[in-house]
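Hi everyone, thanks for coming. I'd like to walk you through a structure today, starting with charges and then moving on to rings and cores. Have a look at it first.

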Amino acid sequence: QLQPVESGGGLVQPGGSLNLSCAASGFTLNYGPIGWFRQAPGKEREGVSCISSGDGTTYYADSVKGRFTISRDNAKNTVYLQMNSLKPEDTAVYYCGAGRTVYTSAYYCHHSYAVNYWGKGTLVTVSS
């Protein structure tokens, strides 16, 4: 089954850090854009950070700009999301989404219908 696999979630105190990983087997993650999306209880899924294929242009939602960093290791077929200065409002299930069509990172993050492969998600809880 072609599906990205997320890891790295957990419970962290406000101000703490987590590094999420998204790995894939059977297909190449960097064929198209890759994005991290999140869904908090009672809210719609939102694009947090995305990276385009090719030049690796990145996009960040305003709510995480300056705190989160997305990166890609093509040799390991893995995408990361380094999350610093975490806040309680960052609590959500974080999903990795891989695309097969070339889009800009900003478009991809705002249009989750463009995701071809969804992971099952990893829970991030920010609480004292």
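Okay, before the first count, here's what I mean by a salt bridge: a side-chain nitrogen of Lys or Arg within 4 Å of a carboxyl oxygen of Asp or Glu. Keep in mind that this is a predicted model.

Let's start at Arg38. Its side chain meets that of Glu46 in a salt bridge, at 2.7 Å from N to O. Are these two buried or exposed? Arg38 has a relative accessible area of 6%, so it's buried, while Glu46, at 34%, is partly exposed.

Arg38 also has a salt bridge to Asp90, where the closest N and O atoms are 3.0 Å apart. Now, where do those two sit? Arg38 is in strand E4, residues 34–39, and Asp90 is in the loop between strand E8 (78–83) and strand E9 (92–98), so this pair ties together parts that are 52 residues apart in sequence. And Arg38 and Asp90 are both buried.

Asp90 turns up again with Arg67: their side chains meet in a salt bridge, 2.7 Å from N to O. This pair also links distant parts of the chain, 23 residues apart, with Arg67 in the loop between strand E6 (58–60) and strand E7 (68–73), and Asp90 in the loop between E8 and E9. Arg67 and Asp90 are both buried.

On to the rings. How many aromatic pairs does the structure hold? Five. Take Phe37 and Trp118: the ring centres are 5.0 Å apart and the planes are at 70°, so that's an edge-to-face pair. Here again distant parts of the chain are linked, because Phe37 is in strand E4 and Trp118 is in strand E10 (residues 117–118), 81 residues apart. Phe37 is buried, at a relative accessible area of 1%, but Trp118 is partly exposed, at 25%.

Now compare Tyr103 and Tyr107. Their ring centres are 5.0 Å apart and their planes are at 15°, so this pair is stacked. Tyr103 counts as partly exposed, at 25% relative accessibility, and Tyr107 is partly exposed too, with a relative accessible area of 30%.

Ring pairs also build a cluster out of Phe37, Tyr95, Tyr108 and Trp118. Over the ring of Tyr95 sits the charged end of Arg45, 4.0 Å from the ring centre. Elsewhere on my list, the charged end of Arg100 sits over the ring of Tyr31, 4.1 Å from its centre.

In soluble globular proteins, nonpolar side chains tend to be buried together. Here the largest nonpolar core has 28 residues, and those with the most contacts inside it are Leu29, Trp36, Phe68, Leu81, Met83 and Tyr94. E9 gives the most, with four residues.

Apart from that one lies another core, of seven residues, including Phe37, Cys50, Tyr108 and Cys109. And that's my tour, thanks!

Methods
Residues numbered from 1 in each chain as written. Predicted model: local features only at pLDDT ≥ 70, side-chain atom pairs only at ≥ 80, totals over all residues. Heavy atoms only, no water. Buried < 20%, exposed > 50% of the residue type's maximum accessible area, 1.4 Å probe, protein only. Helix = DSSP H or I, 4+ residues; strand = E, 2+ residues; numbered from the N terminus. Phe/Tyr/Trp six-rings, centres within 6.5 Å; stacked < 30°, edge-to-face > 60°. Lys NZ or Arg CZ within 6 Å of the ring centre and 35° of its normal. Core = buried A, V, L, I, M, F, W, Y, C linked by side-chain atoms within 4.5 Å.
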